[in-house]
Amino acid sequence: APGRAQVFAAVVDTFLEKLVTAGSYQRFANCYRSFYKLQPEMTRSIYDQLVSQLQTSIKEEIQEVKDEGNLDMLFNSLDKIVEEAKDHKEPAWRPSGIPEEDVRSAMVPYLLKHRSYLRKVLKEKEEENRKVAESVLAGRERIAELQQLIQARKLAWQ
Amino acid sequence: FDELIVETATKRKQWPKKILMHAIQTMKAEQE
Amino acid sequence: SVNPMAYEAQFFGFTPQTCMLRIYTAFQDYLFEMMLVVERVILKKLDGFPGCKISPCQIRKSTEKFLLFMKDHFDKLFSKMEEVLLQLVLNIPENVILPEDKVHEQYPYTKEQFQALQEEIQQLQQQYRAEASAGQALQAELEEQKAVRAELEKILQWFDGLDNICREHGTSNFKESFAFLTQNCKKLQAVLKDVEKKSK
């Protein structure tokens with residue numbers, strides 16, 4: 001299918017064509033009948049200039065609007081976006097009109113990333129603590145042992 | 001009315017990114 | 001009811017209607033300007049025919065007649081063009097989502113889901129903080145244990161030192177030697193007593 005830029009150009013050309021067809025030379029000569037009778041060639045040349053000048057001005061205006069709005073680039077990029085969505089049949093999401101709601105989803109991917117980061121560091125911390133806890137328990141046992149040893153030695157001496 | 005529409009649409013396009021930037025900075029700071 | 005075409009405005013940066021209005025007014029201005037130029041040219045040409053009976057008023061009437069006709073067709077053609085452009089070119093089909101909004105398709109979170117996610121993150125943060133302080137407490141105890149163990153080992157070494165002294169002086173088993181010593185003392189005391197008695 002033709003892209004948006006082609007359709008846009010074709011539609012404007014058609015508009016111009018039909019406008020010129022509607023404002024035909026017959027119609028023009030008919031309106032300026034008295035002048036036409038006096039100067040038919042002049043009338044023709046004035047009409048031709050009118051048509052070509054009108055077409056030039058309108059084409060220039062369209063080009064200016066396209067340049068100002070960067071329309072060609074936008075049309076092509078929109079064509080691509082539409083092409084990508086061609087398998088998506090149901091109506092797509094649209095802004096709800098409630099900014100807080102709409103911004104929420106934009107946050108979600110980052111919150112999910114944050115959540116998995118927190119899960120990871122928590123797991124690491126728990127693992128680390130588990131190891132340290134083991135050595136604390138071992139340390140406590142060792143101390144208890146030492147205290148018993150000392151107790152035994154003390155008793156022996158006593 | 002037209003300006004309002006364009007202004008609203010522009011905010012819809014740009015502000016989530018801006019808000020995200022702050023949110024990401026906050027999360028990064030928290031992680032650090 | 002006006003369709004604000006806000007989604008299109010989000011993409012194009014202007015509302016399609018404004019774009020069309022801008023084109024319409026420009027075209028219309030050209031048409032009017034051109035007709036004035038045509039009229040001026042004709043009037044100028046007529047100056048070259050002093051004897052001719054065509055008055056400027058007549059020319060003006062002709063201009064208005066042609067312009068009216070053109071304007072009428074212009075409006076009809078333009079509204080056709082506008083309809084086509086707004087439908088086929090300057091519009092975003094309803095099944096299409098803009099790149100910046102794709103996130104809404106991937107993460108259609110309800111308010112409740114979002115809150116749940118936030119709560120979960122807060123909970124994870126609290127858990128992490130608890131783990132972190134538990135970790136600090138454990139580290140602190142480890143440090144403390146190190147000191148205590150050093151102390152206890154010092155005491156044990158002291159006892160070892162004691163035993164070593166005994167061993168160095170030939171008393172390997174302190175207890176026996178102590179008992180032996182005590183017996184000896186007792187014997188000595190008995191002998192002493194004996195001697196004292198004899199000496200009296």
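Predicted model: local features only at pLDDT ≥ 70, side-chain atom pairs only at ≥ 80, totals over all residues.

1. Arg142(A) and Glu153(C) form a salt bridge, with their closest N and O atoms 3.6 Å apart. A salt bridge here is a side-chain nitrogen of Lys or Arg within 4 Å of a carboxyl oxygen of Asp or Glu.

2. Side-chain values use heavy atoms, with hydrogens and water left out, residues are numbered from 1 along each chain as its sequence is written, and chains are lettered from A and ligands numbered from 1 in the order in which they are written.

3. The size of an interface is often given as the accessible area lost when the parts come together. Between chain C and chain A, the buried area is about 8,200 Å², with 76% given by carbon and sulfur atoms; the term denotes the accessible area (1.4 Å probe) that two parts lose on being put together, summed over both. Within chain C, the residues losing the most area to chain A are Phe66(C), Asn95(C) and His104(C), which together make up 8% of what that side buries. The contact (heavy atoms within 4.5 Å) takes 88 residues from chain C and 83 residues from chain A.

4. Within chain A, Arg4(A) and Asp79(A) meet in a salt bridge of 3.0 Å, N to O. Arg4(A) lies in helix H1 (residues 4-22) and Asp79(A) in helix H5 (residues 71-84) of chain A, so the pair ties together parts that are 75 residues apart in sequence. Helices are DSSP runs (H or I, at least four residues), and strands are runs of E (at least two), numbered from the N terminus. Arg4(A) counts as buried, at 8% relative accessibility; buried means under 20% relative accessible area, exposed over 50%, and partly exposed in between (1.4 Å probe, protein chains only).

5. Two pairs in chain C join side chains about one helical turn apart. Glu83(C) and Lys80(C), with a salt bridge at 3.7 Å, N to O, are three residues apart in helix H3 (residues 56-89). Glu83(C) is partly exposed at 43%, while Lys80(C) is exposed at 52%. Lys198(C) and Asp194(C), whose closest N and O atoms are 2.9 Å apart, lie four residues apart in helix H6 (residues 174-199), about one turn of the helix. Lys198(C) is exposed, with a relative accessible area of 66%, and Asp194(C) is partly exposed, at 31%. Elsewhere, salt bridges that share partners join Glu61(A), Glu64(A), Glu68(A) and Arg22(C) into one network.

6. Which residues does Ser34(A) touch, not counting those up to four places away in sequence? They are Ile54(C) and Gln58(C). Ser34(A) is placed in helix H3 (residues 33-38) of chain A and is partly exposed, with a relative accessible area of 23%.

7. Chain B has one helix and zero strands. Its C-alpha trace spans about 45 × 10 × 5 Å along the principal axes, and 19% of its 32 residues count as buried.
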